[in-house]
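User: Hi! Could you walk me through some helix packing in this one?

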Amino acid sequence: WTWVDVVKATAAVALFVLAVGLAVNVLLGPARPLPTGLPVLVLAGIELGLGAVALGFTLGKYRCGPEYLGLHTGPSPRDLLLGTGVVLVGLVATAVYAQTVSALGWTFLLPPSLSRLLQLAGTPVAMGLVATVLAPLAEEVFFRAFVFGALARKVGIPAGVVLSSLLFAVGHVQLGVLVPTFILGLLLAWLYWRTSSLWAAIFAHFAFNLVALAASLQVAG
C-alpha cells in the first residue's frame, strides 16, 4: 500500500467519525443526556472502523498476509523488554508533561481525567476493556502497521515515525493529550520498526493504557 492509500484511509475514517457524531446529535439532540453505554459503543465502533479500513487496504486490496502487518510472529522476550522500556519512558514523559503544564498554570493543556471519562461512559468496565484491549489492537494496526509502514517507504524511517505519530496524536482529538500521545506514537513507531513485530507495539500500548488507567483510578479513589 502507498501514501495515497493512507490519505484515502484517513479521509474515510474522518468521514466515518463525523457521520457517527452527526447521527448521535440528530437522534438524541444536544440537550438530551447520552444513554448509558452509548459512549462505549461509539468508541468501540470508531476503533473497529480504524482496524477495518487498514485491513481493507492491506488484506483486501493488496491481498497481503498478516506478516505484512508485523503479525507473523509473537514478540520475543527481547521485544517485550524493549516494549516495557517504551512504556516506562512514555509514562515518565506523560508525568513530566502534566507537571510542567500544571506548574505553568496552563490547565487547559492538562490531559483529561481517565476516571472521569469512565464515569461519564456509565459502563466503566466496558470502557476500560475498549481502552486497554480494542484500542491497542486497532490503533496499532492502523497507525503503525498501515500508516507508518506506507509513509516510511515513501519518505524514510525518521519522517515516517514523525508523521505517523502526528496523525496518531491528532486522531485523539483532545488538546490535553496531543503532546503525550505524540510522544507515545514516536516510541511505538520506533518499537515497531526496531522489532518488526506489531505484537510488541500492541503489548506496549496495552500496558501503557492499563497502567495509566490504574493510576488514574488510584488517584480518584
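This is a predicted model: local features need pLDDT of at least 70, side-chain atom pairs count only at pLDDT 80 or more; totals for chains, interfaces and linings use all residues.

User: Great. At what angle do α2 and α5 cross?

Analyst: The axes of α2 (residues 38-61) and α5 (residues 124-155) cross at roughly 25° and come within 9 Å. An angle under 35 degrees counts as roughly parallel, so α2 is roughly parallel to α5.

User: And is that crossing left-handed or right-handed?

Analyst: α2 passes α5 in a left-handed crossing. As for the residues of that contact, 20 are nonpolar, two are polar and two are charged.

User: Nice. How do α3 and α7 pack?

Analyst: Helix α3 (residues 77-103) and helix α7 (residues 178-195) have axes 9 Å apart, at an angle of about 165°. The crossing of α3 past α7 is right-handed.

User: Which residues make that contact?

Analyst: From α3 they include L82, V86, V89 and Y97, and from α7 they include I183, L187, W190 and R194. The contact of α3 with α7 divides into twelve nonpolar, four polar and three charged residues.

User: Switching topic: where does S197 sit?

Analyst: S197 lies in the loop between α7 and α8 (198-220).

User: Is S197 buried or exposed?

Analyst: Buried: its relative accessibility is 2%, and the cut-off for that label is under 20%.

User: What is S197 in contact with?

Analyst: Neighbours within four places in sequence aside, S197 contacts G70, T73, G74, P75, D79 and Y192. D79 also belongs to the α3 side of the contact with α7.

Conventions
Residues are numbered from 1 along each chain as its sequence is written. Side-chain values use heavy atoms; hydrogens and water are left out. Axes are lines fitted to C-alpha atoms, for helices over the stretch in contact, and angles run from 0 to 180 degrees between N-to-C directions. Helices (H or I, at least four residues) and strands (E, at least two) are DSSP runs, numbered from the N terminus. Angles under 35 degrees count as roughly parallel, over 145 as roughly antiparallel, 65 to 115 as roughly perpendicular and the rest as oblique. A crossing is left-handed if the near helix is turned anticlockwise from the far one by less than a right angle, and right-handed if clockwise. Ala, Val, Leu, Ile, Met, Phe, Trp, Tyr, Cys and Pro count as nonpolar, Asp, Glu, Lys and Arg as charged, and the others, Gly among them, as polar. Contact means heavy atoms within 4.5 Å. Buried means under 20% relative accessible area, exposed over 50%, partly exposed in between (1.4 Å probe, protein chains only).
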